[in-house]
Structure formats: C-alpha cells, structure tokens
Amino acid sequence: MEALNNLVEKKSGDNVNFSVVYTTVGKLNNSLFNLAKITHAIILSFGCQFSSSQIKIFRENNLPFFSSQIIYEIEEQLKKIVETQQEKKQVEKITGIAQVSQIFYYSKIGNIAGCQVMSGKLARSNSVHVFRGEKKLFTGSIRSLESNKANIKEVISGQECGIVLKGFDDFRVADKIVAFQMQEENIF
C-alpha cells in the first residue's frame, strides 16, 4: 500500500494533482464505491482482482478502475492518466446571439445586418456562425460592429447594432448570428 501511495504522489505534477482518497487491504465494499463516485476517484487495485459484479458497478457508475499483480503496470496506467489529463480539446463557448431585423446596403462594403442582440454579448473579436432556421450558412469573423454610427468593441443583450462580416453578406431578416469563442478543456 505504501508503494502505491508513493506512486500516486510521484505522478502528481504541475498540471495534474492526484491525491489518495482512501486505502484499504482486502475487498471493496459498497461504501467505497459511493466514496469513489462522490470524489471522482480512479480505483487502483494491486494484488487482487475485481469480481464481475464489482466491474459491473464500476461501468454502470462510470468509475475508472485498474487492477494488476505488477506494480509497474499500475505505474504505467498512472502515466497514461496524467497524459490524458494534460490533453486539451477546443470547445466552442457561445457568448451571444443576435437576430437580423433589417438589412442595409452600403456600396463600399455590401449588406450590413441590422441586429437586435437577443442574449449574451457579441464582441468584435468573436467568431460567428450565421444560421437561417436550423441551417448553418457561414462561419467566420466580424469585420465591423457599429451602434449609433460609432464603431464599438461589443454589444450586450437588448442593444441594437450593425454587423458586417468578413466574407458573408447574404443576410435575410430573422437570420441568427451566434457569436462564440474557442476555449481549451481537459479531456478525461
């Protein structure tokens, strides 16, 4: 047990923080399953195999588990968990939604979407999707954002604005402009 505790402490690093929640010798009981579920624990077993009913409980409750008779295999499993924790994926976070209420034509830039911000906020730095009903027509960036003929950085829910996009101006009344930004999230 001391060797496993030392392994867990050794694998805990800057980006991933492991801690031992509970240790025991012998069989696992239902209260330990509940503890593992509450604490989002990874169950490591050295020297004893899990029964088929325990494995079923682990899978039904999405509890990660690993068992081995060889301590180095547990060390390798911890290494894989650390690598997985450090992997990131890009996720879209919606920041605001605007609806096109009018379309203005300006000869130098084309169509300008006159919009009402329905929720959240739209910032000039956001990326956007343009939807017509359920169909996504365009993904790109905002070229300019204006309110009361002034170039602005952002608009919030309830405000009106004019939006010009880079590479798209085929707006129709009731189109939705969904602003988003990409965020990194851990994969696990």
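A salt bridge is counted where a side-chain nitrogen of Lys or Arg lies within 4 Å of a carboxyl oxygen of Asp or Glu. By this criterion K121 forms a salt bridge with E154, the closest N and O atoms being 3.4 Å apart. Because K121 belongs to strand β4 and E154 to strand β8, the pair ties together parts that are 33 residues apart in sequence. The model under discussion is predicted.

**Salt bridges**

The structure holds 3 salt bridges.

| Pair | Closest N and O atoms |
|---|---|
| K56 and E60 | 4.0 Å |
| K121 and E154 | 3.4 Å |
| R132 and D175 | 2.9 Å |

The pair of K56 and E60 lies within helix α3, where the two residues are 4 apart and therefore separated by about one helical turn. K56 is exposed, at 52% relative accessibility, and E60 is likewise exposed, with a relative accessible area of 54%.

K121 counts as partly exposed at 37% relative accessibility, and E154 counts as partly exposed at 38%.

R132 forms a salt bridge with D175. This pair links distant parts of the chain, with R132 in strand β5 (residues 127-132) and D175 in the loop between β9 and β10 (176-186), 43 residues apart. R132 is partly exposed, at 23% relative accessibility. D175, by contrast, has a relative accessible area of 1% and is therefore buried, the limit for that class being under 20%.

**The loop residue K153**

K153 is located in the loop between β7 and β8 (154-156). With 67% relative accessibility, K153 counts as exposed. Apart from neighbours within four places in sequence, K153 is in contact with L122, A123, R124 and L145. For one of these residues, R124, the C-alpha to C-alpha distance to K153 is 5.3 Å, although the two are 29 residues apart in sequence.

**Positive phi angles**

H40, in the loop between α2 (30-39) and β1 (43-46), has a positive phi near 55°. N148, in the loop between β6 and β7 (150-151), has a positive phi of about 50°. H40 is exposed, with a relative accessible area of 70%, and N148 also counts as exposed, at 76% relative accessibility.

**The second largest pocket**

What is the volume of the second largest pocket? The value is about 400 Å³. The lining comprises 18 residues, of which F104, I112, E146, C161 and G162 lie nearest the centre of the pocket. Two or more lining residues are given by each of β3 (88-106), β4 (110-123), β6 (135-147) and β9 (160-165). The largest share, 5 residues, comes from β9. By class, the lining has 8 nonpolar, 7 polar and 3 charged residues.

**Q54 in helix α3**

Helix α3 (residues 52-60) also contains Q54. Is Q54 buried or exposed? Q54 has a relative accessible area of 13% and is therefore buried, since that class covers values under 20%. Beyond its neighbours within four places in sequence, Q54 is in contact with L28, F33 and Q49. In the same helix α3, K56 and E60 form the salt bridge described above, and these two residues are exposed, at 52% for K56 and 54% for E60.

Methods
Residues numbered from 1 in each chain as written. Predicted model: local features only at pLDDT ≥ 70, side-chain atom pairs only at ≥ 80, totals over all residues. Heavy atoms only, no water. Buried < 20%, exposed > 50% of the residue type's maximum accessible area, 1.4 Å probe, protein only. Contact = heavy atoms within 4.5 Å. 1 Å grid on protein atoms, 1.4 Å probe; cavity = no way out; pocket = protein on both sides within 12 Å on 5 of 7 lines; lining within 4 Å. Points joined across faces, edges and corners; volume = space filled by probe spheres on them. Nonpolar A, V, L, I, M, F, W, Y, C, P; charged D, E, K, R; others polar.
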